[in-house]
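Here are my notes for you, written as numbered points. Keep the structure open while you read, and look up each residue as it comes along.

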Amino acid sequence: MTTVTLAGLVKRFGADAPVIDQLDITIESGSLTALLGPSGCGKTTTLKLIAGLLTPTAGEIRFDNQSVIALAPEDREAVMVFQNHLLFPYLSVADNVGFGLKMRRVPKTELRSRVADMLELVQLPDIGRRTPASLSGGQQQRVALARALVIEPRVLLLDEPLSNLDAHLRDEMRELIHSIHSALGITTVVVTHDQEEAVILADRVGLLLDGSIRQVDSPKAFFERPASAAVARFFGGSNFLPGTWTDGLFHTDIGSFTVPSKTATSGPAVLTIRPEDVGIEIPTAGGDVDTPLVNTVAGVVRSSLYGGRYARFEVAVGSRSFDAITEPRRFDALASGRPVTVRFPPEKVWLLPE
Amino acid sequence: MTVRNKLSENALQRLRIWLLLTPAMTVIVMLFVGGLIAGLARSLNYFPLIGLTEPNLDAYRAVLGDETFLRSLAVTSYISFTATAISSVLAVAAALLLRPLVLRQRLFYFMFSLNLTVPHAVGAIGISYLLSQGGLASRLARSAGLTDRPADFPALVADPWAIGIIVEYVWKETPFIGIVVLAILASVGEDYESAARSLGAGRWQTFRYVTMPLVLPGLVPASVIVFAFTFGAFEVPFLLGRTAPTTLPVLAYRSYTDVDLAARPEAMAISMVIAGTSALIISAYLALTRHYSRG
């Protein structure tokens, strides 16, 4: 098993601005790490740099603390599975899977049995004689995975492994990647633009924005403890409230709020809370919005959206507005113009650096 | 719509296409097939206008038993094979070298394909000016002190190894094959090669097991066309070749223009051998591609 370290990595194409700029991340041995980021943020470039298919402009790539910069791609044992599978169209499925072994001059009998084992592992035992063109997208993806795994690489690099697949195939593929990863324990890096894909696939996520890593954490931490407003926004956060933390409270222009002390650093900061954590209550009869609950403010529903499995509201509070997501059944009760009590549960708010 | 209606509509559509093609097809059939049939008839000594009404294989017997013809066949095959092989190798090398540039700039495509517009006869005269013993290269060698007299310069035109002819063909056909290979390389991109490298293939292995199989479907037909063309081309060996042994097309021309009218069936027989060889090569190629496409 191999730990991959990228340190101060820079990749620039010609005179253009760098695609990767000072990227630092350590991918733990045997982990399944997702590099997540929007299109064009340098994710695939990072994979190609690890695989040795591109040369970095500056910085260091180490496998188990040994620099691999000088190693050619064929000597790195870091195999990349491309988004569009890239099965060689002129070879049969079995010959595709055995390609890496043939390049290593593995004897034919051993090659055949390892190819058969691998096709078994990806649950496609009987398709060795077929051509890639006769396979479905999901099958091609599995064959590409088998072709990479058969050479027992130190590092497996998967470029958007689920993005070309239909919804039901995505689930199957995700399970397959999980089971293969737990069976073989190969250090695996998955690149994706889809935060859901990253969260369900990986045990660690590195968020890549504008060519550098903004946060490396467990998937849950990105929702609960984002490192910056940009990170929170990427994970669907839309509520940001600037203020100052003093005397145990966070003071803002719409009121003062209790925040968990572990998140607080004194001075100016930005309070954030996920839309699904914002509480909306209909005030009790008489229009009294001064409830005894902590962290509540009076607001008015400005707009609402029925999303089938959820209902989404925009609520105005003073000069600010907040997004809230509730169960869909509450949609009818919370029409536009309705006065509401907005609650920010203290255990759900998080302070970001200004 | 019933099946019957659909069938008749398809038949009507096909008829319409055939009718539209008829004028062009008539010209092609008359000129090409008609010429071929007339040539075949005369090679078989069948020419009713001058009273030859009994077809026979005399001309073929005479031609195939003639040492001049056999040497000519050997020279023609040697020239075609060498020129095609060199052009193919250079074309693949040039396409690989140019690929990164071409992807960025169309100008390189244009420059690469520039000499496709120059006729072979013009190219042959150019080569003659450049490589003959009185040519530019010879004069440069002399002024550089490498030779004393023009005759000291190696004979590259009308020489025993047909170097002048091969150089002309290579100069002209390399870009032709190269354009085909380059178009494939540009459309396929470098991802397959990257995938191969990542799977452990070295540079040479990647070329051998990935690049070549990807370009072969374009390289083979282009090379076959070049072989068939150089096998049947007249003007370049006529301008740059030796008088004897010469290539088959030149031999056929000489027999045809011979004062002895009896040599005409032999000229036609030689032409039929050229046509037959080309047809053979093309059928071999078609059989190969059919086998190849079946995998």
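This is a predicted model: local features need pLDDT of at least 70, side-chain atom pairs count only at pLDDT 80 or more; totals for chains, interfaces and linings use all residues.

1. Chain A has 354 residues, and 50% of them count as buried. Its C-alpha atoms fill a box of roughly 85 × 45 × 35 Å, taken along the principal axes. If you colour the chain by secondary structure, look for ten helices and 20 strands.

2. Domain 1 covers 4-230 and domain 2 covers 237-354, with their C-alpha centres 40 Å apart. Seven residues of domain 1 are in contact with six residues of domain 2 in chain A.

3. What does that domain contact look like in area? Domain 1 and domain 2 of chain A bury about 530 Å² between them, and carbon and sulfur atoms give 69% of it. On the domain 1 side, A:Phe223, A:Pro226 and A:Ala229 supply 62% of the area buried against domain 2, more than any other three residues. Click on those three when you want to find this contact on screen.

4. Sort the domain 1 residues that touch domain 2 of chain A by type and you get four nonpolar, one polar and two charged. How many salt bridges are counted between domain 1 and domain 2 of chain A? The count is zero. For polar contacts, the rule finds one residue pair across this interface, with both residues at pLDDT 80 or more.

5. Next, a helix in chain A: α1, residues 43-51. Seven of its nine residues are buried, so the helix is largely enclosed by the rest of the structure. The buried ones are A:Lys43, A:Thr45, A:Thr46, A:Leu47, A:Leu49, A:Ile50 and A:Ala51. Notice that A:Lys43 is in that list along with A:Leu47 and A:Ile50.

6. On to the two chains together. Here 23 residues of chain A are in contact with 18 residues of chain B. The chains bury about 1800 Å² between them, 66% of it on carbon and sulfur atoms. From chain A, the trio A:Glu74, A:Tyr90 and A:Met103 supplies 33% of the area that this chain buries against chain B, more than any other three residues.

7. Which residue of chain B does A:Glu74 pair with in a salt bridge? It is B:Arg197, and the closest N and O atoms are 2.7 Å apart. The count between chain A and chain B is one salt bridge. A:Glu74 also belongs to the trio named in the point above. Beyond that, six residue pairs are found in polar contact across the interface of chain A and chain B, both residues at pLDDT 80 or more.

8. Where on chain A does that interface sit? The elements α2 (73-76), β6 (78-81), α4 (99-103) and α6 (137-149) of chain A each supply at least two residues of the side that touches chain B. Of these, α4(A) gives the most, with four residues. By type, the residues on this side of chain A divide into 16 nonpolar, one polar and six charged.

9. In chain B, have a look at B:Leu131, which is in helix α5 (residues 120-131). Is B:Leu131 buried or exposed? It is buried, because its relative accessible area is 13%, and the cut-off for buried is under 20%. Not counting residues up to four places away in sequence, B:Leu131 touches B:Ala137, B:Phe153, B:Leu156, B:Val157 and B:Val167. B:Ala222, by contrast, is 91 residues away from B:Leu131 in sequence and 27 Å away in space, C-alpha to C-alpha.

10. Last one: B:Ser223, in helix α9 (residues 203-232) of chain B. B:Ser223 is buried, with a relative accessible area of 13%. Its neighbours, not counting residues up to four places away in sequence, are B:Thr84, B:Ser88 and B:Ile177. With B:Ser88, the side chain of B:Ser223 makes a polar contact, side chain to side chain, at 3.0 Å.

Technical notes
Residues are numbered from 1 along each chain as its sequence is written. Chains are lettered from A and ligands numbered from 1 in the order in which they are written. Side-chain values use heavy atoms; hydrogens and water are left out. Contact means heavy atoms within 4.5 Å. Buried area is the accessible area (1.4 Å probe) that two parts lose on being put together, summed over both. A salt bridge is a side-chain nitrogen of Lys or Arg within 4 Å of a carboxyl oxygen of Asp or Glu. A polar contact is a pair of N or O atoms within 3.5 Å; within protein, one must be able to donate a hydrogen and the other to accept it, and residues adjacent in sequence count only if both atoms are side-chain atoms. Ala, Val, Leu, Ile, Met, Phe, Trp, Tyr, Cys and Pro count as nonpolar, Asp, Glu, Lys and Arg as charged, and the others, Gly among them, as polar. Buried means under 20% relative accessible area, exposed over 50%, partly exposed in between (1.4 Å probe, protein chains only). Domain bounds come from an automatic or database domain assignment.
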